[in-house]
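Here is a short briefing to read beside the model.

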Number of protein chains: 2
Amino acid sequence: MPIFNAPLDNIKFVLHDLLNVEQLSNIPDYEEATRDLINPIIEEGAKLCEQTLFPLNQSGDKEECHFDNGKVTTPKGFKEAYELFTQGGWCGLSSDPKYGGMGMPQIVNTVMQELICASNMSFGMYPGLSQGAYDALHMHGTDELKETYIPKLITGQWSGTMCLTEPHCGTDLGLIKTKALPSDDGSYNITGTKIFISAGEHDLTENIIHLVLARLPDAPKGVKGISLFIVPKYLPDDNNQNNVSCGSIEHKMGIKASSTCVMNFENSKGWLVGKANKGLNAMFTMMNSARLGVAMQGLGIAEVSYQNALAYAKDRLQMRSLTGIKSPDKPADPIIVHPDIRRMLLTMKAFTEGARALSYWTAINLDISLKHPDEKVRKEADDLVALLTPILKAYQTDMGFECANHAIQIHGGHGYISEYGIEQYARDARIAQIYEGTNGIQALDLVGRKLGKDMGRLLRRFFHPVYDYIQKNQSNHELQEFVLPLAKYFAKLQQATAIIAEKGMANPDEAAAASTDYLRMFALVALGYMWVQMVEKAINAKDTGKYSDEFLDAKIHTARFFFSRMLPEADYKFKAILSGAENLMNIKAESF
Amino acid sequence: MPIFNAPLDNIKFVLHDLLNVEQLSNIPDYEEATRDLINPIIEEGAKLCEQTLFPLNQSGDKEECHFDNGKVTTPKGFKEAYELFTQGGWCGLSSDPKYGGMGMPQIVNTVMQELICASNMSFGMYPGLSQGAYDALHMHGTDELKETYIPKLITGQWSGTMCLTEPHCGTDLGLIKTKALPSDDGSYNITGTKIFISAGEHDLTENIIHLVLARLPDAPKGVKGISLFIVPKYLPDDNNQNNVSCGSIEHKMGIKASSTCVMNFENSKGWLVGKANKGLNAMFTMMNSARLGVAMQGLGIAEVSYQNALAYAKDRLQMRSLTGIKSPDKPADPIIVHPDIRRMLLTMKAFTEGARALSYWTAINLDISLKHPDEKVRKEADDLVALLTPILKAYQTDMGFECANHAIQIHGGHGYISEYGIEQYARDARIAQIYEGTNGIQALDLVGRKLGKDMGRLLRRFFHPVYDYIQKNQSNHELQEFVLPLAKYFAKLQQATAIIAEKGMANPDEAAAASTDYLRMFALVALGYMWVQMVEKAINAKDTGKYSDEFLDAKIHTARFFFSRMLPEADYKFKAILSGAENLMNIKAESF
């Protein structure tokens, strides 16, 4: 099915009408891109996704990666697709032109991530991991390391990984055991075992560049004693093996065409990235970029699930409408006539369009934070990105899984069998709630790190524009039906924030007990803020001829659905937050 | 892991303290069973599940059923396990002693269904389908048919199926095309193709007895022209083939050790079950029994997910408690110290224990409806079962899937890989939300058929006891913290009921638009009603020595969690119900 026609209009609406990507042209580096490159690039990328990546999605899932004596083979067609992908320059879309990158804004990358994940999430893992490695190196590596590694990561000849997890530690990186012993030549010998390493071994590239967390001999205990090293599979100077081996690959619920590897390092040569014992900082560079990427996986799966479910709901004939026959010439009506089917479809539509707006807003601020000439503007944009990153990661991946499951439900039994490919979306989507920090960890990041920072400095970057928007528009009678509930739930969100800040100060378990519900509530209010603005822009775009009336009316209807049936979930979350930590902590572990 | 020690205490608490299964001893048929047979039987059954079925769960998933030229082979060990299962008499636990059954109450069957599904949901499909065939035959078959087929279904030598779905119709059985032509000898020739037939072909039994929906030549159109036929794979008089063949089996998301077959009937000999053109009635006998069985699948998966997640949460060391080190002798604290892990565990615990109480209450009423000497009592019990069946089916399977996903989340990356067996629970659980009527259809059954019947006659069987309970206990100060919120949400449920009844009368789409949210709200209130009673019984059981203080305190803590963090979801559902159908129906199909 033609999976990318539908969202392209929505993508352009958000980029140009809602968020005005043209504002980036104030940033010299982006002038050309924002003037007239963005749309053609995205259209070209959508074509590649549809014609090259999407056709390999089901076959890749069925075939899986093969492991044979340390060698990993990707499913049929992946190598050729990867070649097309790299030839098109897609690996270096937003990378530094100094090293051969195209230097496009991050927003273009973000748009592409959704399309890639919608068409083939497993495939997207390979260039996605390279991007994380690029980011860490580009930010923290020495010039020599950059010159050696970055150009080939940008062309895609080499790929990257993030080697953090060990058998006994995932979330708790302070427990890492992998060792790094200094050598005389300034390099290090790395020894240890890493698990769950995506793209740790495969046959797509000439070399694989591992970014490995390890401990120096004299390192302090815990997270303050972790350093980041770059450890190539083959040494770049002589192309010799570097004692990096893949012990096995995991059989998983989904993303089966993405290799998940046990990686063994045995006196493998590595070089320090960033400062000794400051590996966690460098890792967070990779991690924040990866978290936004994972958020786009959630959105991508939700979008392709929606498109499949919508096509099926229009096509499948079953029962008559309860209010009278709608298709008298057919043996039954298409199931899209049924309210409960529409409830699921609209949930998917309201989520994907709202989350796309929120993601792009974040990505544009990422661009501003990186390249705007004014430091104050950069800092403020950076604060907003830091605040929204855990929210996007957790909410969008939770909803990606939920939307995939709505698609299964709409397909009925046909959704559960492998033939239609729908159940794969749920299996693939499920990992995104877990990796790059479980969604519970995202929620702790939000209430623990982001909320309290400098008396709510980050929060203001979201609260102020929402407050201003409400003030400005609360008397606009066309928008009132949306602005008033937004104002109501925004007030509750502020109240919840104050309660968590106060109670959490006295007892950190109180903040943690509220965290997941608070993150969801925050995301709902943020989506409400996006939706009311989309309604405003849709009203303004009428009679401009840029979009069909159907398209613009659908925006208003979908917003109505969101405010009536999705946003009120925030009430429930608010009550859960108020209920406090006692109902979780008072039961003894032995009494569970 | 020893999966069944934990729930046995909970099972006995519900059977004997909460619901007082001994009341069934007023029914002559059950006197012996309820006096002293129930506990030993359940313990014996739990042993069988743990020692025989559970060890085949992961291997069965990995191996799947094999299809070769019409023959289906179940995974290794299934045949031997099925023999042990039948030798123990488990197929005929609640079946009619006249035909060789053990004549135990249905409640015993219900208890066993949970244990079987917790240990091996795929395995449970085979005897489960036989049970449905038994029910339809026993209720609607002629004496001759009963004598021919029932004894061997009870021993398990033969198994049964339900052949309803065809490629173009699942929910909409009015579209069925399979034909039945009358023969001179009183039998019929059945021709057609059925899909998604669980246990349609396999190697566990000597014969397979299909119950097939088909149309007579002169049948009226739609559901009023469907008849039910019994069509054996081998004819019972001469053991000849009956032109019943399996065309293929489906590859599915889960329950991979249960065969899901395309079944072809070509002039296969069949006999009418029940009256001509009244097949839907007979089918509903199977279906209602099957729906309760599916509800127990949801509960079973939730229970085994909980037990796995709990064991992992006590064992896995990761991070320190936010309120100070809890296990100073270990490198980190077990993750059960973290509030968000507890939130997920308590969701599972509150659901499984509450839903078990609700399921057993329903099953005991099923027994009363079948065998109580007083017709009025029988009728009232039947009404309660009819009302609760769609609620149990949809809510418990939704929560089964949700709990399996909580277990994955608690396991982190280890939950996503196949090795631990946790992701299988989510894949297996997912089908239960779809088959035997999707959960959307359950919700329509609730608001469409059950709500309005005879001016709310069915509803009174639930509303009256809840009302009486609240009246009686609202001044009990030990129970007040539970009775008052129950009263509040019960009032909202009554209000929602009235609104749906009124608006649905004028526009049936209004009822349908509210249906899924209403069902969830109803289930939450029903669970609240179970939980407040469990608290009452736990308080009464203190100092009796029957249960440990830990066990009884946990009941009260878990209830507190349920009322604080789960029941308030009903507020959200209430708002969605109030929002009406317009926000679903006003958007045109083309504008999606």
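**Domains of chain A**

The centres of domain 1 of chain A and domain 3 of chain A, taken over C-alpha atoms, are 31 Å apart. The domain bounds come from an automatic or database domain assignment. This is a predicted model: local features need pLDDT of at least 70, side-chain atom pairs count only at pLDDT 80 or more, and totals for chains, interfaces and linings use all residues. Residues are numbered from 1 along each chain as its sequence is written, while chains are lettered from A and ligands numbered from 1 in the order in which they are written.

- Chain A is split into domain 1 (5-151), domain 2 (158-282) and domain 3 (448-587).
- Four residues of domain 1 of chain A contact six residues of domain 3 of chain A. Contact means that C-beta atoms, placed from the backbone, lie within 7 Å.
- On the side of domain 1 of chain A that touches domain 3 of chain A, two residues are nonpolar, none is polar and two are charged. Ala, Val, Leu, Ile, Met, Phe, Trp, Tyr, Cys and Pro count as nonpolar, Asp, Glu, Lys and Arg as charged, and the others, Gly among them, as polar.

**Chain A overall**

- Chain A has 18 helices and nine strands. Helices (H or I, at least four residues) and strands (E, at least two) are DSSP runs, numbered from the N terminus.
- A compact globule of 592 residues would have a radius of gyration near 25 Å; chain A has 24 Å, which agrees. The radius is taken over C-alpha atoms, and the globule rule is 2.2 Å times the number of residues to the power 0.38.
- The C-alpha trace of chain A spans about 80 × 60 × 60 Å along its principal axes.
- Of the 592 residues of chain A, 61% count as buried. Buried means 20 or more other C-beta atoms within 10 Å of a residue's own, exposed means 12 or fewer, and partly exposed lies in between; C-beta atoms are placed from the backbone.

**Strand S7 of chain A**

- Six of the six residues of strand S7 (residues 227-232) of chain A are buried.
- Ser227(A), Phe229(A) and Val231(A) point one way from S7(A), and Leu228(A), Ile230(A) and Pro232(A) point the other way.
- Strand S6 (residues 207-214) of chain A runs antiparallel to S7(A), joined by six bridges. Strands pair if DSSP finds at least two bridges between them.
- His210(A) sits opposite Val231(A) in S7(A).
- S7(A) also pairs with strand S9 (residues 260-273) of chain A, antiparallel, over three bridges. There, Leu228(A) has Val273(A) in S9(A) as its bridge partner.

**Arg378(A)**

- Arg378(A) lies in helix H9 (residues 375-411) of chain A.
- Arg378(A) is partly exposed, because 16 other C-beta atoms lie within 10 Å.
- Leaving out residues up to four places away in sequence, Arg378(A) touches Ile368(A), Ser369(A) and His372(A).

**Helix H14 of chain B**

- The 27 residues of helix H14 (residues 480-506) of chain B should span 39 Å at 1.5 Å a residue; its end C-alpha atoms are 39 Å apart, which agrees. The expected span is 1.5 Å times one less than the number of residues.
- Buried residues of H14(B) include Phe482(B), Leu486(B), Phe490(B) and Leu493(B).

**Contact between chains**

- The contact takes 76 residues from chain B and 76 residues from chain A.
- Helix H16 (residues 549-566) of chain B gives the largest share of the chain B side, eight residues.

Definitions and conventions
Contact = placed C-beta atoms within 7 Å.
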